[in-house]
Amino acid sequence: MSSFLDEIITDMFRKKRDLIAHVDENKCRNCRYCVWICRHKALMCAVVQGKMTTFVNSPDRCTGCGKCAKNCPEQAIEMIERYC
């Protein structure tokens, strides 16, 4: 029985690592809540080409936990398949 649970847990963690946060700049209002809530410091707000933008600045730090997406008041963050 424990090997069955181990497989489920391992699969669950593997799936999380296969995901990464993606911020939709058209929906994002740059409230910085995701930056504050991400304990891995994977997101940041910065001025890019004269516009305040929120983005994943450290893809290696993003664990794919989805906490930012679940808590975004504008629903501007989705978890997508990791592309690298």
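Visitor: Leaving aside its neighbours within four places in sequence, which residues is Arg-32 in contact with?

Guide: The model is a predicted one. Arg-32 sits in the loop between strand S1 (19–23) and helix H2 (33–37). Once neighbours within four places in sequence are set aside, the residues in contact with Arg-32 are Cys-45 and Met-52.

Visitor: Is Arg-32 buried, partly exposed or exposed?

Guide: Buried means under 20% relative accessible area and exposed means over 50%, with partly exposed in between. The relative accessibility of Arg-32 is 42%, so the residue counts as partly exposed.

Visitor: How far apart in space are Arg-32 and Leu-43, C-alpha to C-alpha?

Guide: In sequence, Arg-32 and Leu-43 are 11 residues apart. In space, their C-alpha to C-alpha distance is 8.9 Å.

Visitor: Is Thr-54 buried or exposed?

Guide: Thr-54 belongs to strand S3 (residues 51–56). The limit for a buried residue is under 20% relative accessible area. Thr-54 has a relative accessible area of 5%, so Thr-54 is buried.

Visitor: With which side chain does the side chain of Thr-54 make a polar contact?

Guide: Thr-54 touches several residues beyond those up to four places away in sequence, among them Val-23, Cys-28, Asn-30 and Met-44. The polar contact, at 2.7 Å, joins the side chain of Thr-54 to the side chain of Asn-30.

Visitor: Which residue forms a salt bridge with Glu-25?

Guide: The count comes to one salt bridge. The closest N and O atoms of the pair are 4.0 Å apart, and the partner of Glu-25 is Lys-51.

Visitor: How many residues apart are Glu-25 and Lys-51?

Guide: The pair links distant parts of the chain. Glu-25 is in the loop between S1 and H2, while Lys-51 is in strand S3. Their separation is 26 residues.

Visitor: Which element gives the most residues to the largest nonpolar core?

Guide: The largest nonpolar core has 15 residues, and those with the most contacts inside it are Ala-21, Leu-43, Cys-68 and Ile-77. At least two residues of this core come from each of S1 and helix H3 (67–71). With three residues, the element that gives the most to this core is S1.

Visitor: Which residues does Ala-21 touch, not counting residues up to four places away in sequence?

Guide: Ala-21 is one of the residues with the most contacts inside the largest nonpolar core. Not counting residues up to four places away in sequence, Ala-21 touches Val-56, Cys-62, Cys-68, Ile-77, Glu-78 and Met-79.

Visitor: Which backbone oxygen lies 2.5 Å from a polar atom of the side chain of Arg-82?

Guide: Arg-82 lies in the segment after strand S4 (77–81). Its side chain reaches the backbone oxygen of Pro-59 at 2.9 Å. The backbone oxygen at 2.5 Å belongs to Cys-62.

Visitor: What is the volume of the largest cavity?

Guide: There are two cavities of 30 Å³ or more. The largest cavity is lined by 16 residues, with Cys-38, His-40, Cys-62, Cys-65 and Cys-68 nearest its centre. The volume of the largest cavity is about 110 Å³.

How values were computed: Residues are numbered from 1 along each chain as its sequence is written. This is a predicted model: local features need pLDDT of at least 70, side-chain atom pairs count only at pLDDT 80 or more; totals for chains, interfaces and linings use all residues. Side-chain values use heavy atoms; hydrogens and water are left out. Helices (H or I, at least four residues) and strands (E, at least two) are DSSP runs, numbered from the N terminus. Buried means under 20% relative accessible area, exposed over 50%, partly exposed in between (1.4 Å probe, protein chains only). A polar contact is a pair of N or O atoms within 3.5 Å; within protein, one must be able to donate a hydrogen and the other to accept it, and residues adjacent in sequence count only if both atoms are side-chain atoms. Contact means heavy atoms within 4.5 Å. A nonpolar core is a set of buried Ala, Val, Leu, Ile, Met, Phe, Trp, Tyr and Cys residues joined through side-chain atoms within 4.5 Å. A salt bridge is a side-chain nitrogen of Lys or Arg within 4 Å of a carboxyl oxygen of Asp or Glu. On a 1 Å grid over the protein atoms alone, a cavity is a set of points where a 1.4 Å probe fits but cannot get out, and a pocket is an open set with protein on both sides within 12 Å along at least five of seven lines; lining residues have an atom within 4 Å of a point. Grid points are joined across faces, edges and corners, and a volume is the space filled by probe spheres set on the points.
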